[in-house]
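Here is a walk through one protein model, written for someone meeting it for the first time. Keep the structure open while you read, and look up each residue as it comes along.

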Amino acid sequence: MTGILLIFLAGSRAAITADYDTYLAKYNAFKAGDVDEGIEFSYKLICDFVAETVDHFNGVLIIYAFLTIVPITYALIVETKASLLVFPYFYSYYFFLHPMTQIREAVAAAMLLVSLQFVKEKKLLLFLITIAVGSFFHVSLMLFLPFYYILNRVKLTLKTACICFIICLGISQIHLLNLVLGYDLSNDSYIIAKLYAHKSTIEAGFGERTAGVYILMIYAKILFNFFLRYKQKIIGKNNDYFQIFLNLHFFGCLSYLILSDLHIVAGRVSELLCIVEIFLVPYLVYIFKPRIAGKILILCICLFQLVISLYVVILSGPYQVGF
């Protein structure tokens, strides 16, 4: 029932989030027969289907919400013993970030969560198929391909994680992306073209208000990751996927530090990888006794993050129905 409600909320909204008008404009452009090579073909396919059936933009939003929430619910059941505490944390931030705003990235992130089952089971073919499906909706998921080997082979202790964090802090001072883009690379590559576009957007002042908030959030996430590593003997025995979640979350945080000179790019990459924190935060319930104390703490974290999402970062305005 919770999943159905989230699909309804995301699919029935009006123009209350940042990307709504952009996606609506592309929907109308596709209806008019225009071609846009700067977006995945899946979006055009869905737009064409909706235009030929219900002929209303909210049809597109409902399909994307369904394609996001259903895989997340599947991953929740298979990988986390169906902890209902996942939903409040998901709603407090990632719901507004993904199915309510970045609808293409939302499907990619959901498929990433599904693919972790095949990372754990070491089923490479099924992993590749899942990533291919997610990449059909947003090409950024291709970045996750190396993690099949990274998550299976790289063992991180608290000590090595601290060392990696210090190294990445040093790398962040080099301004790596700006250094590379300073060589005036060819824009023929889709990825390079997108990096230059984001660079221009940042230079125009976009995102300055929230950049400081995001870096503080990343530091908080890293401290949280360290805390879970310190308590991993308690948590690990309750879930087989804990180490995979923990390491992927850590790599997501480090990606922000390394790419932080282009904070929009850093945010997109880290948010894709850090989606696993919707499964990690509920593990706090195993640490505190009585467990009700852990549940109250998790709900307080959810409430705090919801305030950040709606009143500081402002991912969404007051809810309005789009029909």
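## A buried charged pair

Glu40 counts as buried, because its relative accessibility is 10%. Keep in mind that you're looking at a predicted model. Glu40 pairs up with Arg104: their side chains meet in a salt bridge, with 2.7 Å from N to O. This pair ties together distant parts of the chain, since Arg104 belongs to helix 7 while Glu40 sits in the loop between helix 2 (20-31) and helix 3 (41-52), 64 residues apart. Arg104 is buried too, with a relative accessible area of 10%.

Why would such side chains get together? Side chains of opposite charge can pair when their charged atoms come close.

Another joins Lys44 to Asp48, whose closest N and O atoms are 2.7 Å apart. Here both partners are in helix 3, 4 residues apart, or about one turn of the helix. Lys44 is partly exposed at 23% relative accessibility, and Asp48 is partly exposed at 27%.

Then there's Glu121 with Lys123, a salt bridge in which the closest N and O atoms are 3.2 Å apart. Glu121 has a relative accessible area of 33%, so it counts as partly exposed. Lys123 is partly exposed as well, with 38%.

## Patches on the surface

Which residues form a positive surface patch? Look for Lys120, Lys122, Arg153 and Lys155. Lys120 is part of helix 7, which covers residues 103-120, and Lys120 is partly exposed at 35% relative accessibility. Lys122 is in the loop between helix 7 and helix 8 (124-137). With a relative accessible area of 57%, Lys122 counts as exposed.

There's also a nonpolar patch on the surface, made by Ile62, Tyr319, Val321 and Phe323, and together they have about 380 Å² of accessible area. To find Phe323, go to the segment after helix 18 (291-312). Phe323 is exposed, with a relative accessible area of 56%.

You'll find Asp55 in the loop between helix 3 and helix 4 (57-80), where Asp55 is partly exposed at 40% relative accessibility.

Where is the cis peptide bond? Check the link between Lys289 and Pro290, where omega is about -5 degrees. Pro290 lies in the loop between helix 17 (277-280) and helix 18.

How many disulfides does the structure hold? The number is 0. Take Cys168: the closest cysteine sulfur belongs to Cys164 and is 6.5 Å away from the Cys168 sulfur, so that's too far for a bond. Cys168 is buried, with 8% relative accessibility.

Cys274 is buried, at 2% relative accessibility.

Conventions
Residues are numbered from 1 along each chain as its sequence is written. This is a predicted model: local features need pLDDT of at least 70, side-chain atom pairs count only at pLDDT 80 or more; totals for chains, interfaces and linings use all residues. Side-chain values use heavy atoms; hydrogens and water are left out. Patches are made of residues with over 30% relative accessible area and no salt bridge: like charges are joined within 9 Å, nonpolar side chains (Val, Leu, Ile, Met, Phe, Trp, Tyr) within 5 Å. Accessible areas come from the Shrake-Rupley method with a 1.4 Å probe; for residues, only the protein chains shown count as cover. A salt bridge is a side-chain nitrogen of Lys or Arg within 4 Å of a carboxyl oxygen of Asp or Glu. Lys and Arg count as positive and Asp and Glu as negative; His and the chain ends are not counted. The place of a charge is taken as NZ of Lys, CZ of Arg, CG of Asp or CD of Glu. Helices (H or I, at least four residues) and strands (E, at least two) are DSSP runs, numbered from the N terminus. Buried means under 20% relative accessible area, exposed over 50%, partly exposed in between (1.4 Å probe, protein chains only). A disulfide is a pair of cysteine sulfur atoms within 2.5 Å.
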